[in-house]
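Please go through the sequence and model below with this briefing at hand.

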Amino acid sequence: MASASIPVYNCSNNPLENSSSQNASRESLKMEPLAVTLLPGEERVIDKDIMYICPFSGPVKGKVFITNYRLYFKSADADPSVTLNVPLGAIGRVEKMGGASSRGENSYGLDITCKDMRNLRFALKQEGHSRRDIFDILFRYAFPLSHGLFLFAYLSQEKYEENGWSVYKPMEEFRRQGLPTDKWRITFINDNYELCDTYPTILVVPFKATEEDLRKVSTFRSRGRIPVLSWIHRENQAVICRCSQPLVGMSGKRNKDDERYLDVIREANGTAKLTIYDARPSVNAVANKATGGGYEGDDTYQNAELVFLDIHNIHVMRESLKKLKDIVYPNVEESHWLSSLESTHWLEHIKLVLSGAIQVADKISGGNSVVVHCSDGWDRTAQLTSLAMLMLDSHYRTLRGFQVLLEKEWISFGHKFASRIGHGDKNHADQDRSPIFVQFIDCVWQMTKQFPTAFEFNERLLMTILDHLFSCRFGTFLYNCESARHTNEVRSKTVSLWSLVNSDSTSYLNPFYTPESSRVLYPVASMRHLELWVTYYIRWNPRIRQQQQSPVEQRYMELLALRDEYLKKLEELQLTDSSPNSSHLSNSSAPNAASPTQHITHLHTPF
Amino acid sequence: MLSSLGSAGGKSAKPSFVSYVTPEEIKSEKEPSRKEKHPDLLPGEVVFCSASTVLKYTQDDLSQRGVFGALLCTNFRVSFVSDEAPTEETGQLFKNKLYGENDIPLSCVDNIYGGYEDKKKLITGGLVKNKYPSKMIIHCKDLRVFQFSLSFSKEEDAKKIFQGIVHHCLEPKSLRCLFAFSYCENTSYPEVQRKKQTVMFDSVEDWIQDMKRTKGNCRVVSENSNFELSPKLPQFFIVPSNVSDEDLTKYQGKGLPMWCWSHHSGCALFKTASIPLVQEDNVPQTYMEKMLTAVAHNHLYSVKTEDLSDTLPAVQDILLSYNKFKQFFLIDNTTEFWMSDMKWFSSLDNCGWLDIIRQCLQKAVEVVECLEKENTNVLIMEEGGSDLCCVVSSLVQLMLDPYYRTLLGFQSLVQKEWVAGGHAFLDRSNHLHLKDKAESQSPVFLLFLECVWQLQQQHGPAFQFSETYLTVLSDSVHVPVFTTFLFNNDSHRDNILRAESPHTQRSPLNCPTVWDWSVQFDCKAQDLFTNPLYSEKPKQDTSVRKSYRPKHLRQLSLPSSAFKTPPKKGFFKDEADNLKKILGVKRLSRWMLSPSSESPQTSSSVREFYEAWQTKPLDYHGLLLPCLDGPSIRVWMQRYLRWIHDVQILGGGPVAMLSKVSEILGEVQELQRQLDRHGCTLTSNHKGARPRAKTASVIAARSSVRLSSSFPFVTSRNWLFKPAIPTSLLQSLMVTGMAGNLADREDDGGGPESLV
């Protein structure tokens, strides 16, 4: 148990699992049965005797297998056995540790930094360049794009009952929101990604705005990301619009079209004042003027109020998570844990993001339309709009609805997953990388903690999403925007993560879920209630008990089973009681397919 | 925060607050009925003074909004009676029968502050001459905060009520002035019923039974039943069988090892008050060695001693730390709250309260390891022997013995270790505000409850009682009605109760104990004391008394631990007594010499012990160990955050989940009853164990009230549907200083490329 526990990649229900990788699996069977089943399309590349320097239980001898998808390590004789199962996509950095002449035990080997909050160290024999082949192979396969290879998502042959690519259909989603209306129309102006290459093809804009207006506005918004509708409140018609910063610049440029366009948004539901939420701290917004950006000035945008939400940029977030990793891996900081936690600022950032989203949701509930932007409108903006939508619209709190939310606000609107995660790219120090999406999922987790009955999905879904954010096994999070996904034929050549999830949806359901459709969910954005997501960030530490189910959930399931059992028994008893032939108890009566609720109503009939 | 109290100046000024009635209206109309305005007084309760037209601010904002009413001070409480007609008591399920939401029992008053224009001043008692404050802020020991404006009352009334409250809450008083005595003289409680439930450890039978239950083999001492041996010793107690009669009284009980609990292996836990070592005199040392040998003799001639005075914080440090800690929750207004939110984690860290909790739990785990893994006797000691000894010994028993995790078992444990064990409840809570006792005040019992809460949080299904139960118990310490918390030890209790008895010749005054929960709560409310996650051990007799049998105790041990058969008594006695004695003493001296130098080692050994335990499947009816890592020790949210409006999660919190469990549990129990009626025998153990457990969900359904995270303490009548938005976010991040230029940088490398 001293091993680092591994995420479970459940593919055993896949009928095709062994067919396409005969070579690999037959070979590995010959040598030693691999405890892990290879995915269809997964092929063994190399295996090697190696020493895993486990930070929890010390050096462990064993064998490492590298496939085109994963690094798998199994201890030879340690008891309890130690296994590692790391998708190569989760590897951020591979380095050589020590040299041929290094002294000390286990000083020669590999040092692997992962994107999922752990580091791995392997030691090899010092003689004969023993690590050269494994290093080269790992380096190539962990960073395939840097070596002209395909990401595993393009090699995978996985088949699922459900097709996850059909989860999100923009038109359907807009129709669900009640769009179009007489104030809002659907436009195909971006059909060829000409208006904005990082936006989706289908956009919702004010009815009054002509295509020409949109083009004019796009020249005044960073990267052409014009304000478009994300969500509309069914009753009060207040809308959440998202966009990028206006290109005000040092000279304080104005754009009449942009000003008019925002006013049209305000007018649409008769709001007296449009609230513009600039996610950035005001100093940053001001500083952006120097590079041509900026914010909506009070004097230029009549009928609009500007609120800064003080959320910091991607670099600050990256450093914050790095600090967090320092205090939880491999060992949890012992002295002054809370002060250390505070000094990472991670939860403080979470608080700011959440309270920003609360303000957006509150404004909308009050009937006021809002426009949300940051600099480019694909990081903080996506966090704010999607969290506010999660608070406002219970549909997004269902298993399917959450997938739609991610597909819509994050994937289709161009959160730069490829740059932020660095899929298949060896450049670990790339300044574009940042855990913005991880931070968003953490915010969602905080909400599920505060409202344990409001979400149809469970923590496992969130963990699975984060695992496959890195794994490159599915096409869902690949590339920076829809146009790039289109060019690279993601939908036809890769499998969607939602295929995996929806083919086994019961594993991702929260048994406590109680649908409450009309309710706005306001989490408390106070440090008192925010907690570190221990089961994610500290999950590699064996001292953090990994419970399959929370005790509450376990107890609940037990009771549900017991209730069904009793109902069945009672049904049987009533059958036998009413049967003229048998006067004694019998447990062989025919199984009844009626649902529990029917049983209950049945019980009330006197006899 | 007080600077905003613009209205507090004079009566003539137009009040800037929003209220339901204007002061003028009250004066003219309500004057005649003024006399009637008092709470329903309890038996023996007397009103000392009162004032009308007092404004009670609604706690949660700066808007100066409030409710007018009368403020009274009785011999039991400070009470505010609203002028408004009592609203429909929706969802007021969890009503305390002794005091309402606007009542503060006198001993529950923690601090009183006077608001003078823009200053807030701590009132320390004594006569406040001339200048009485226009505003009175009361911080309660149960963390409630009340703010009253006195500027609308008649000046003399205001002065009187202020001085009255200050006097009765803060001035030294005699024990007989505590409300319990006038209350009990005017009420009677059937003692018989209570006796059937919680084991009170006030009879020799109770002690014998507990020792038998744990298969202990020590000597029960009943010679002190009338305190003939010493008033400092408990009425009944158990010592190692080798302790002689004359040893009992030698140092007034100091150094005498008191049995706490026997492990199934035969080793046992003892506690004692340490003897101050006088240098020139060697006698105490010899006595101590004799006592240690007696303990060692209990099992395998081994004993480990632990002087808690050396390794755990002193009671004064505990008080200091708690005083800092509680300030985070005594919130006067919203702004203050959000300001403190920024540095929440480091403030929490700096006050050290969680660390003290961790240390106590860790010490308990160390003792558990000795008993469970090494099967060695343990003697814990400290000066007095009734503070941290009680904390540690109770925790050890909770971890090792599932019986104490039942509700009645837990109450019996408190009786055994704390009440009979002579914890000086009166001095530690300083109900009497005696100046010379100020030093001895310390929330040691609360510290214990905090530790229990941590255990319960980590291993919910192992405990029959709920978080709410613990919170209520922690509140009850400050309700001066229960004999449980009013005395310093057995003889003190006995003396006072006898002296106070109306029938001097006969039985002592019959006062309720805190375990008579019906004094405070009706049956429905008491349902919230049980934990819906708890499931009893299958095939175990439901009657607690009967389930004492050693049968299930055998299952306590770790599967891995080597089970040593306890040697038959006297096995070594004849042949090697001397040798063993030397051996014993030798070991002892080693342990005694280096208590502190050992600690780093024990910490890692505790860690190993925990890890070994953790790899085994978790048995909620077996040994239970707490995880002591940083993220695992947490703040008792229910107790500390329940009154703070801004952190209520409406419709959320753990109660949302637990009420669903309760709901299903109720259904299952109903089905069981129906099946029972059919004469069907069930193998399951859910039978009638927790009747009407679905209270929370029923309330939610019936009154269509949405439960909040502070259920059941705050009823959700006045919920604003506005979310709490943290104020002063701007200053909250110190990132610019920390991360240097990172914060100023552009998200994506250079500037927007579309620009020239």
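**Cysteines and sheets in chains A and B**

B:Cys260 has a relative accessibility of 0% and counts as buried, where buried means under 20% relative accessible area, exposed over 50% and partly exposed in between (1.4 Å probe, protein chains only). The model is predicted: local features need pLDDT of at least 70, side-chain atom pairs count only at pLDDT 80 or more, and totals for chains, interfaces and linings use all residues. Residues are numbered from 1 along each chain as its sequence is written, chains are lettered from A and ligands numbered from 1 in the order in which they are written, and side-chain values use heavy atoms, with hydrogens and water left out.

**Cysteines**

- Over all chains, the structure holds zero disulfides, a disulfide being a pair of cysteine sulfur atoms within 2.5 Å.
- For B:Cys260, the closest cysteine sulfur is that of B:Cys389 at 7.6 Å, which is too far for a bond.
- B:Cys451 is in no disulfide either, and its nearest cysteine sulfur, in B:Cys360, is 4.7 Å away.
- B:Cys451 is buried, at a relative accessible area of 0%.

**Sheet of chain B**

- Eight strands of chain B make an open, antiparallel sheet in the order S4-S3-S2-S1-S8-S7-S5-S6; strands (E, at least two residues) and helices (H or I, at least four) are DSSP runs numbered from the N terminus, and two strands pair if DSSP finds at least two bridges between them.
- Strands S4 (103–105) and S6 (119–123) of chain B are at the edges with a single partner strand each, so one side of each has no neighbour in the sheet.
- From one strand to the next, the twist averages 30°.
- S3(B), residues 77–82, pairs with S4(B) in the antiparallel sense over three bridges, and B:Asp103 in S4(B) is the bridge partner of B:Ser79.
- Helix H2 (155–170) of chain B lies across several strands, including S1 (47–57) and S2 (66–74), and runs at about 110° to S1(B); axes are lines fitted to C-alpha atoms, for helices over the stretch in contact (heavy atoms within 4.5 Å), and angles run from 0 to 180 degrees between N-to-C directions.

**Strands of chain A**

- In S4(A), residues 83–87, five of five residues are buried.
- A:Thr83, A:Asn85 and A:Pro87 cover one face of S4(A), with A:Leu84 and A:Val86 on the other.
- S3(A), residues 70–75, runs antiparallel to S4(A) with five bridges, and A:Phe73 stands opposite A:Leu84.
- S6(A) and S7(A) form a hairpin with four residues between them, where A:Met117 in the turn has a positive phi of about 70°.
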